[in-house]
Amino acid sequence: MNKQLSLFDDDANAEHDFFARKRKWSVAKHRIILKYLQASCYNLASLSDTINYIDGFAGSGEYEEGTIGGIEEFIKKSYFWKRYEANFSDKDGSPLIALKTARILESENRVNLRCFFIEENRERNQKLIDNCCAVGEGLDYKIYPPSGFEEILNRLMEDIKRDSNKPCPSLFFLDTFSPNGVGFESLKRIAEYQINFGGELFILFHNGYLSRQVGNAMSKKWKEQGKTTGDTFAKKVDSFLGESSKKAWRDKWQEFTKSPAQTFAKWAIEHYKQKLRDECEFKGVVSFEIKEKFNSAAPKYHIIACSRYPEKAFGIFLNDMIYEENKSLFFQENVSKSVIKFLEKEWDKENQDQLDRITLYLDSILADICSEWTKLDDAITKLILTLDRESILSLGKLKRKQYRAEVFIPLYQQGILEAESIGKNGQPRLTDRVRLR
Ligand SMILES: C[S@@+](CC[C@H](N)C(=O)[O-])C[C@H]1O[C@@H](n2cnc3c(N)ncnc32)[C@H](O)[C@@H]1O
């Protein structure tokens, strides 16, 4: 008899021991959340005295064991972060990271970061309460009683509007184990709030899990056995991708039956992103892979980020944050884990490959980006976002500095671009305006 396809392909998200030890790929997500929260709060502080952070799949707040090279090492090495005495720990889960960030923002009198945590599992919910207790003392935070994100959503949407002068920008972080916890209709409600009051949405996308769920939904064995299990899987996929995708995912699954397994997965994430643009009206929707190793064949998961102001949110903040995460994969431990070396040659090759790829498409893109006088800084942002949108190069593959030094300055030196003014070194600065000759 056919065995049901396992929904968990490896231990990346195996629920039972997820909080026993923090994995490298969870650290990457935490560093990004920490940096993004700070950058976004600094940026929005002049517009609002309160900012909401909603952790819809909060977990227990703390892992039993951290990971070496985790958040503590990042803080130690960062000039910016080590100024703060926030006691970030390698064991911190996303809720504690948010509360410690809120404490920093409070101590600077910068902004009130209000935190809302939802955790369905009863035991983890209790641990979350215990773990937040000391860290969050005196801070503005709320933990909902154990219940699913969608069951809490009505209350949450009321709560985030309350108690501040006016509804404030809200960053939603939906860190699900699987595609089942949040349906597309819920995302539309979040997006509607953000159209009116601002904020961004980060959602984990488990590509492999979704494909296996679709595989189970479409498996002939359910029909042969007259079971309803296939329908249950199908309903979950319908809810995740949204009603308007009912036909599309079924058709694509049939169309790709003989294609490599990743073909459907790649279609699914691009389809989902397009829906977020079209149906939720996000101006910018980007995704990036979180991998275990730089040469891993498949990512552990993707993070999708959605914003109405992608220029600053993604082109500036997120791009360089993801770049740093990509680079960190090129530090490799030896077998005894006693020495860490940087894989210089591999990293240089990776960078060169990205630059070669851009060169292939640059002519056609430049006309859109700088046929009019454009500040070099803005031209870089536009190029980053265009490359990502056109699936030429995803966000964070090169740093902003590299776009300037290795793409735009050579174009200026070759006379393809002209500059209204230049710096002492004879090159346009980020504030100088450039255009195609
Ligand atoms: C990936 S873990 C969260 C990890 C956490 N964000 C962190 O970074 O420390 C996902 C959590 O969501 C919880 N969960 C699963 N389904 C849920 C649902 N429908 N609503 C709320 N929480 C849910 C799980 O119990 C689990 O603790």
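A polar side-chain atom of histidine 30 sits 2.7 Å from an oxygen atom of the ligand. The model is predicted: local features need pLDDT of at least 70, side-chain atom pairs count only at pLDDT 80 or more, and totals for chains, interfaces and linings use all residues. Residues are numbered from 1 along each chain as its sequence is written, and side-chain values use heavy atoms, leaving out hydrogens and water.

| Side chain | Ligand atom | Distance |
|---|---|---|
| histidine 30 | oxygen | 2.7 Å |
| glutamate 120 | nitrogen | 3.3 Å |
| aspartate 175 | nitrogen | 2.7 Å |

Taken alone, the ligand exposes 600 Å², and the protein buries 93% of that (Shrake-Rupley areas with a 1.4 Å probe). Around the ligand are 21 residues, of which His30, Ser94, Glu119, Arg124 and Asp175 come nearest; a residue counts as near if one of its heavy atoms lies within 4 Å. This shell divides into seven nonpolar, eight polar and six charged residues, where Asp, Glu, Lys and Arg count as charged and Gly is among the polar ones.

Now to the sheet. Seven strands form an open, mixed sheet in the order β3-β2-β1-β4-β5-β7-β6. Strands are DSSP runs of E with at least two residues, numbered from the N terminus, and two of them pair if DSSP finds at least two bridges between them. At the edges, β3 (141-143) and β6 (284-290) each pair on one side only. Strands β4 (residues 170-174) and β5 (residues 201-205) run parallel, joined by three bridges, and phenylalanine 172 of the model stands opposite leucine 201 in β5.

Note on methods
Helices (H or I, at least four residues) and strands (E, at least two) are DSSP runs, numbered from the N terminus. A polar contact is a pair of N or O atoms within 3.5 Å; within protein, one must be able to donate a hydrogen and the other to accept it, and residues adjacent in sequence count only if both atoms are side-chain atoms.
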